[in-house]
Amino acid sequence: MNEHKYVALKLENQLCFPLYAAAREVIKQYRPYLDAVDLTYTQYVTMMVLWEEQKIGVKALGKKLFLDSGTLTPVLKSLESKGFVLRSRSKEDERMLEVTVTEKGMALRERAVQIPPQVAGCVKLETTEALQLYSLLYKLLGSFENN
């Protein structure tokens, strides 16, 4: 049998597998720190955008996070039930849903500020390697924006 045609199906030949596995492992490193502030990783990155923007449309938030509304809606509902955000209809366009960070959500930022350096200590890359990986990953993400 001609095994050559199946070479592309070998796990070791997949770019997606080490990317997937590394992402899972990095997120696992976040877990104890995020548990301490009662956030999942997806809630955490959502709050990062809100700490920066204060108020943002759900569509724009989804675009920044590369998340569809089906994934983002339960995240926002959970954050709202915890008192970290408010969801409301836009005054300019009732069809648009906006998310605003609350005072409690902003206070959470003080507790979360120590998370990035703690996780960075778990990732064994030199600074130049981390910057190169960051650049390549965003290049990869950018290649999907027009698809």
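Here are some notes on the fold, the surface and the charged pairs of this predicted model.

1. Ground rules. Residues are numbered from 1 along each chain as its sequence is written, and side-chain values use heavy atoms, with hydrogens and water left out. As this is a predicted model, local features need pLDDT of at least 70 and side-chain atom pairs count only at pLDDT 80 or more, while totals for chains, interfaces and linings use all residues.

2. The sheet. You'll find an open sheet of 3 strands in the order β1-β3-β2, with antiparallel pairing. β1 (55-57) and β2 (85-89) stand at the edges with a single partner strand each, so one side of each has no neighbour in the sheet. On average, neighbouring strands here are turned by 25° against each other, direction ignored. Strands are DSSP runs of E with at least two residues, helices are runs of H or I with at least four, and both are numbered from the N terminus. Two strands pair if DSSP finds at least two bridges between them.

3. Who faces whom. β1 is joined to β3 (residues 97-101) by 3 bridges, and β2 is joined to β3 by 5 bridges. I56 has V99 in β3 as its bridge partner. T100 in β3 is worth a click: K55 stands opposite T100, and L86 stands opposite T100 too.

4. A helix on the sheet. Helix α4 (residues 69-81) packs on the sheet and touches β2 and β3, its direction making about 120° with that of β2. Contact means heavy atoms within 4.5 Å. For the angles, axes are lines fitted to C-alpha atoms, for helices over the stretch in contact, and values run from 0 to 180 degrees between N-to-C directions.

5. V101. Leaving aside residues up to four places away in sequence, V101 touches M47, L50, W51, Q54, F84, V85 and M106.

6. Salt bridges. In general, side chains of opposite charge can pair when their charged atoms come close. The whole structure has 6 salt bridges, each being a side-chain nitrogen of Lys or Arg within 4 Å of a carboxyl oxygen of Asp or Glu. One of them joins K82 and D38, with the closest N and O atoms 3.6 Å apart. K82 is in the loop between α4 and β2 and D38 in the loop between α1 and α2, so this pair ties together parts 44 residues apart in sequence. Another links E80 to R87 at 2.9 Å, N to O; E80 is partly exposed at 26%, and R87 is partly exposed at 26%. R95 pairs with D93, again with N and O atoms 2.9 Å apart, and R95 counts as exposed at 71%.

7. A nonpolar patch. L19, V26, V123, L125, L133 and L137 make a nonpolar surface patch of about 410 Å². The elements giving two or more residues to this patch are α1 (16-36) and α7 (127-144). Patches take residues with over 30% relative accessible area and no salt bridge, joining like charges within 9 Å and nonpolar side chains (Val, Leu, Ile, Met, Phe, Trp, Tyr) within 5 Å. Areas come from the Shrake-Rupley method with a 1.4 Å probe, and for residues only the protein chains shown count as cover.

Methods: Buried means under 20% relative accessible area, exposed over 50%, partly exposed in between (1.4 Å probe, protein chains only).
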